[in-house]
Amino acid sequence: MAFSTVIMSSPHAYIPKTASSPTIRRRVRCSSASVSTQFDLRTYWTALIKEIDQKLDDAVPVLYPQRIYEAMRYSLLAKGAKRAPPVMCVAACELFGGDRAAAFPTACALEMVHAASLVHDDLPCMDDSQSRRGQPSNHTVFGVDMAILAGDALFPLGFRHIVTNTPTNLVPESRLLRVITEIARAVGSTGMAAGQFLDLDDEKKFGEMGRCSAVCGGLLGGASDDEIQRLRKYGQAVGILYQMVDDILEAKTETDKKKGKSYVSVYGVEKAMEVAEDLRAQAKKELDGLEKYGDKVLPLYHFVDYAVDRGLVLGSNSFDN
Amino acid sequence: MNLNRYSLLVKRQTRPADPLPPCRRRELVGGNEAMAIPMACAIEMIHTMSLIHDDLPCMDNDDLRRGKPTNHKAFGEDTAVLAGDALISLAFEHVAAKTRNVDPHRVLQAIVELGLAVGSEGLVAGQINRRLMQMREKVSLEELEYIHVHKTSKLLEAAVVCGAIIGGGDGIEVERLRKFARCIGLLFQVVDDILDVTKSSEELGKTAGKDLASDKATYPRLMGLERAKEFAGELAAKAVEELRHFDALRVVPLYHLADYIASRQN
């Protein structure tokens, strides 16, 4: 049974009861009790998705040779995409008073590298997935060779896009270099590629993406090094949390198991739910130090609860979409 | 990752000079070698990545590369895909994080050039068209040139141009070097096609005779072996013409590079 209700009315959060197993209720004290709970994450997120989708559409026009651009666009512009990395990036940027115009190119780039890694993950020699984001996977439509090349093209496009589209009056160039470094590291052999290699579907990969998205947003918004550190831990916790909750949901509904190890498959649902609560607390704790930014912290704060509660209907419920 | 190092460090058979061009460009326009090393390494990583992915079963399906089993033969297809992905990212990370004493603006411009060379306007476009052309009976010289410009020239162009940018070259100098690189990039491929007709696997370090066996469009096939050799000569001359505008001493390594590419045996 899926988690069915949004528990957002209290800072003392707990995972709601499910039909098939006893509830694990743990009262989590969040010192962010002063944070307003009136924020409407759904409206915020939906509006941002629209903007990001438009920018992604503009970023990858169909040129010659057409087929590769069609393959790139197919995965990048999939309707089922939730755009969690770009939304997190924009929210983190605005948290520090940054203009979202500074964040959009990087937000798009995050989505490009995310899409690229998913296209490659789905290949027959990897996870051999037939579908992704509510549509047939890239290689089943375009062929394995085109799918590999589409991924290969999306990675460098992301980096180029950041440089050619970020207004330099909003972001110092030395900061842009740090953003590029951050994304490259997240994707590369210390990050997502390594996660796939080690067959960890969740922790490594989505922790990396979450961390990277939050940190990039902070860099673009002018966060201090200490604040970046907080975002790093926040992003990692939220990324892992999203995936862990996905795995818990999957285990409960007994749908087709994904290939590869996950915390749930190793330690079981109940233990995973405890860990999810710990992660939720951890993520919020990192935001505690950012109280001075007042309401600007709300999007990031509410992401955490959304990761667990999934009461909002934004499409399918995976961070990896 | 061991598998990255495997591909990167295997003795080069076909392009030993590759890491040098960016450095030389750098010095040519007034920079020093140290500034260009990260970029030079990045170019090599990208080149290696493209070879790893090109060799995959679903692509060119090659068993041998640089004298050794291809990456996927040694480590498996899944690992080879990931190794390539990791190398692309590492290349950009390396340039962004390790380039020292260069204005960030120039590093960013170099990153844009690198991105253009690697992606759908560069290597990827070349590989796609090559695969599409393989399925066709007739390929024109223009189409063949498109493939080679994008598969080979663009990366060499990026190496040269990025070196010049990092070294402090002005717009005109960068464009002259871009033209130089385009010529030697195409020259490289023409010579490659000629060698495939005339040499054995052992000498080449990769599977020879594949072009003929597979009916692939090549310069010798399209224009005849003699004309292909003449064309190679014309390209070399054009390349060298661009170098006339630079300091005679500093440009010597580039002359030698053009000469090497024109007259190499493997």
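1. Where in chain A is A:Pro65 found? A:Pro65 sits in the loop between helix 1 (41–59) and helix 2 (66–76) of chain A. Helices here are DSSP runs of H or I with at least four residues, strands are runs of E with at least two, and both are numbered from the N terminus. The peptide bond joining A:Tyr64 and A:Pro65 is cis, with omega about -5°.

2. Ground rules. This is a predicted model: local features need pLDDT of at least 70, side-chain atom pairs count only at pLDDT 80 or more, and totals for chains, interfaces and linings use all residues. Residues are numbered from 1 along each chain as its sequence is written, chains are lettered from A and ligands numbered from 1 in the order in which they are written, and side-chain values use heavy atoms, with hydrogens and water left out.

3. Confidence. The model scores ipTM 0.83 and pTM 0.84. Chain B averages a pLDDT of 82, and 82% of its residues score at least 70. pLDDT is the predictor's confidence in each residue, from 0 to 100. Among the elements of chain B, helix 6 has the highest mean pLDDT (95). Helix 1 (residues 2–9) of chain B has the lowest (48).

4. A stretch to treat with care. Over residues 7–20 of chain B, pLDDT stays under 50. The model still has 40 contacts for this stretch beyond four places in sequence. A contact means heavy atoms within 4.5 Å. Where pLDDT is low, the predicted coordinates should not be read in detail.

5. Chain B overall. The secondary structure comes to 14 helices and 2 strands. Of the 266 residues in chain B, 58% are buried. Buried means under 20% relative accessible area, exposed over 50%, and partly exposed in between (1.4 Å probe, protein chains only). Among contacts in chain B with a separation of 6 or more, 72% come from residues 24 or more positions apart.

6. Positive phi. Most residues other than glycine have a negative phi, and most peptide bonds are trans. A:Arg83 is not a glycine, yet its phi is positive, at about 65°. B:Asn101 is not a glycine either, and has a positive phi of about 60°. B:Asn101 lies in the loop between helix 5 (77–98) and helix 6 (104–118) of chain B. B:Asn101 is exposed, with a relative accessible area of 72%.

7. What does A:Arg83 pair with in a salt bridge? The partner is A:Asp53, at 2.7 Å, N to O. The pair links distant parts of the chain, 30 residues apart: A:Asp53 is in helix 1 of chain A, A:Arg83 in the loop between helix 2 and helix 3 of chain A. A salt bridge is a side-chain nitrogen of Lys or Arg within 4 Å of a carboxyl oxygen of Asp or Glu. A:Arg83 is buried, with a relative accessible area of 1%. A:Asp53 is partly exposed, at 29% relative accessibility.

8. Other salt bridges. The count over all chains is 33. In chain B, the side chains of B:Asp55 and B:Arg65 meet in one of them, at 2.9 Å, N to O. B:Asp55 lies in helix 3 (residues 33–55) of chain B and B:Arg65 in strand 1 (residues 64–65) of chain B, so the pair ties together parts that are 10 residues apart in sequence. B:Asp55 counts as buried, at 3% relative accessibility. In chain A, A:Arg100 forms a salt bridge with A:Glu94, the closest N and O atoms being 2.8 Å apart. A salt-bridge network links A:Glu277, A:Arg280, A:Lys284, A:Asp305 and A:Asp309.

9. The interface. Chain A and chain B bury about 3500 Å² between them, 75% of it on carbon and sulfur atoms. Buried area is the accessible area (1.4 Å probe) that two parts lose on being put together, summed over both. The contact takes 36 residues from chain A and 39 residues from chain B. Between the chains there are 3 salt bridges. One is A:Asp145 with B:Arg131, at 2.7 Å, N to O. Helix 6 (144–165) of chain A is among the elements that give two or more residues to the side touching chain B. Helix 6 of chain A gives the most, with 13 residues.

10. Cysteines. The structure holds 0 disulfides over all chains. A disulfide is a pair of cysteine sulfur atoms within 2.5 Å. B:Cys183 is buried, with a relative accessible area of 10%. B:Cys162 is buried too, at 0%.
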